[in-house]
Amino acid sequence: MTATRTAPYETRPASPVLGAEIVGVDLTGAVDDATAEALREDFWKHKVLVFRGQHLTPDAHVKAVQIFDKPFDHPRWLHRYEDNRLVYVFNLEKGGAAAQWHVGGTWRNPPFNIESLTYQVVPEVGGRTLWADLQAAYDGLSEPFKRLLESVNAVYSDYPGDGTYNRPPVTGTVEHPVVRTHRHTGRKGLFISSSAIRLSGINAAEGEALLPLLLAHASSPNYTVGFGWRPGDFVIWDNQATWHYAVNDYDGPREYRKVIGG
């Protein structure tokens, strides 16, 4: 796909739907105001931005996220970088926990605006991450179906997690509308995650039929893009306009750091 120049860097779209690689920006140092504004515009447009070979320190990772939003301090997360509590560390011997389509932060209202990762150790083969454009998925629905969804919510556990696999039984819940209007662009999109317990606003039988349909539609390959990783790569995505899937097709360790925004 043809690269376009929008600022003192190149934007290389990865698909016609979403995702782009940004070439020519060094996030390890200061980013001037004009470049930061251009990056934000590209972010709202492409929803997933990849910066190759940045090798960001934890502090530089936080500053990179601050270009787009205010970093979020998770209330329970146990595994943090010792000198910056806004940086969450992952050292996995085997993947799999994120091998389902999901949105981050469905336990709170509003959910996270942004998520981002920097990679330190990645598999030689495999380990790609997929994203799907929930706004494009919404656009692909019929008008009568869109009207139906305006009154439907999805119900999720309100347990925030702590970075371990210990999840207590669901006692409290939080609801999110399955159609969300984007805070910056005003564009409507689906908002759904595989962790949804049920739908509300319709009867139980209707919800049981509708939820699998929404999950399948939103994860259609027609709305997706995928990226593979090398050590030093940085990726940031719009958590309220996309959902993502970490492909579990590899063996061996994987190390990365996460910073959340919003």
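Guide: Strand β9 (residues 153-157) is joined to β10 by 5 bridges, and the two run antiparallel. Strands here are DSSP runs (E, at least two residues) and helices are H or I runs of at least four, numbered from the N terminus; two strands pair if DSSP finds at least two bridges between them. Across that pairing, Val155 stands opposite Glu175 in β10. Widen the view and you get an open sheet of 3 strands in the order β10-β9-β13, with antiparallel pairing. Its edges are β10 (173-177) and β13 (198-200), each pairing on one side only. On average, neighbouring strands of this sheet are turned by 40° against each other, direction ignored (axes are lines fitted to C-alpha atoms, and angles run from 0 to 180 degrees between N-to-C directions).

A word on the ground rules: this is a predicted model, with local features needing pLDDT of at least 70 and side-chain atom pairs pLDDT 80 or more, while totals for chains, interfaces and linings use all residues. Residues are numbered from 1 along each chain as its sequence is written, and side-chain values use heavy atoms, leaving out hydrogens and water.

Now for Val179, which sits in strand β11 (residues 179-181). Val179 is buried, at 10% relative accessible area (buried is under 20%, exposed over 50%, partly exposed in between, with a 1.4 Å probe and protein chains only). Leaving aside residues up to four places away in sequence, Val179 touches Tyr138, Leu149, Glu150, Lys188, Gly189, Leu190 and Phe191, where contact means heavy atoms within 4.5 Å. Val152 lies 27 residues from Val179 in sequence and 8.0 Å from it in space, C-alpha to C-alpha.
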